[in-house]
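Please view the structure below alongside the text.

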Amino acid sequence: MSAREEFDSWAAEGRDKGMEDRHWHTAKHVLARMPVEAGDAVVDLGTGSGYALRALRETADIGRGYGLDGAPEMARNAADYTDDDAVGFLVGDFDALPLADNSVDHVFSMEAFYYARDPIHTLTEIRRMLRPGGTFYCAVNYYEENEASHTWQDNIAIEMTRWNRAEYRAAFDEAGLHVAEQDTIADREIDIPPAEAFPTEDWETRAAMIDRYRTWGTLLTVGVAP
Ligand SMILES: C[S@@+](CC[C@H](N)C(=O)[O-])C[C@H]1O[C@@H](n2cnc3c(N)ncnc32)[C@H](O)[C@@H]1O
C-alpha cells in the first residue's frame, strides 16, 4: 500500500481538514518555535491540507513554502485552499525529496514522518536539502512512549515506524543532524469529559485519555544541519 492509495481517499472524504483541526492544537506551538525569518524557504513534509505553510506565510512572512505529499488528492486540495503564489504543493515521496542541496532554510513535518519507508534515508535527504544551520522540526503523535497510539497501525495498511524518544535522537544523529531540542507538547485544547462520562466510544478511562493528550501529546525532535 502506498501513501497515494491510502491518503487519496482520505483527501476525497475531507479528512485532510479534520486532521488540520486536530493537529493544529499542538502544531501551532511547534510552528511558533521555528526560527524562521522573513524570506526563508520552508518545506512541509506530508503537508496534508497545507495549513502549516499558510500559517508561516502569515506569521513569519516566509518567502517560499513547498508542501510535499505522496497523495495527489491531498496536494490538489492543499493548492485549492490558498491563492498565495509563494506557496506550492508537490507530489513526491519521502524517499527522494525533489529539492536541491543546501536550498532550504527549514523543514517542518507533523504526523507524517513515521510513514517514511526508510526513515534514516529520509533524514539524510532532509540534511542534504538544508543549508548549514537550517532546522528540521519533526512532530509526531505516534511514538513509543505514547502507548495509546500503538493501536493506530491496526487501522492503516502502510507500515509505520514507532520509535521512542532516544531512537529519534539516535536516528537524527546517524543522518548528520545535531539534535538541538526534544520535547513533548501537550494538547490542552482537546475536551476531556468528566469522570462519569467514561467509558466513551474511544476511551475506556479518563486517565487513559489524559495520558494520551495531556501527558504525551506530540513529540517534537529538532535537528540542525551542521
Ligand atoms: C496523518 S497525515 C498529516 C497531514 C498534515 N501534516 C497534518 O498535520 O494534518 C500524513 C500525510 O503524509 C502523507 N504521506 C504519508 N506517507 C508519505 C510518503 N511516503 N511520502 C510523502 N507523503 C506521505 C500523506 O499523504 C498525508 O497527507
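## Annotated domain

Residues 43-138 are 31% helix and 31% strand, with end C-alpha atoms 12 Å apart. Helices (H or I, at least four residues) and strands (E, at least two) are DSSP runs, numbered from the N terminus. The unreviewed UniProt entry annotates this range, 43-138, as "domain: Methyltransferase type". UniProt positions follow the numbering used here, feature names are shortened, and annotations may be inferred rather than shown by experiment.

## Basis of the values

The model is predicted: local features need pLDDT of at least 70, side-chain atom pairs count only at pLDDT 80 or more, and totals for chains, interfaces and linings use all residues. Residues are numbered from 1 along each chain as its sequence is written, and side-chain values use heavy atoms, leaving out hydrogens and water.

## Ligand shell

The ligand has 20 residues around it, of which His23, Gly46, Tyr51, Asp69 and Met110 come nearest; a residue counts as near if one of its heavy atoms lies within 4 Å. By class, the shell holds 10 nonpolar, 6 polar and 4 charged residues (Ala, Val, Leu, Ile, Met, Phe, Trp, Tyr, Cys and Pro are nonpolar, Asp, Glu, Lys and Arg charged, and the others, Gly among them, polar).

A ligand nitrogen lies 2.9 Å from a backbone N or O atom of glycine 70. At 3.1 Å, a ligand nitrogen faces a side-chain N or O atom of aspartate 93, and a ligand nitrogen is also 3.1 Å from a polar backbone atom of phenylalanine 94. Helix H1 (3-12) and helix H2 (15-33) are the elements giving two or more residues to the shell, and H2 gives the most, with 3.

Definitions and conventions
A polar contact is a pair of N or O atoms within 3.5 Å; within protein, one must be able to donate a hydrogen and the other to accept it, and residues adjacent in sequence count only if both atoms are side-chain atoms.
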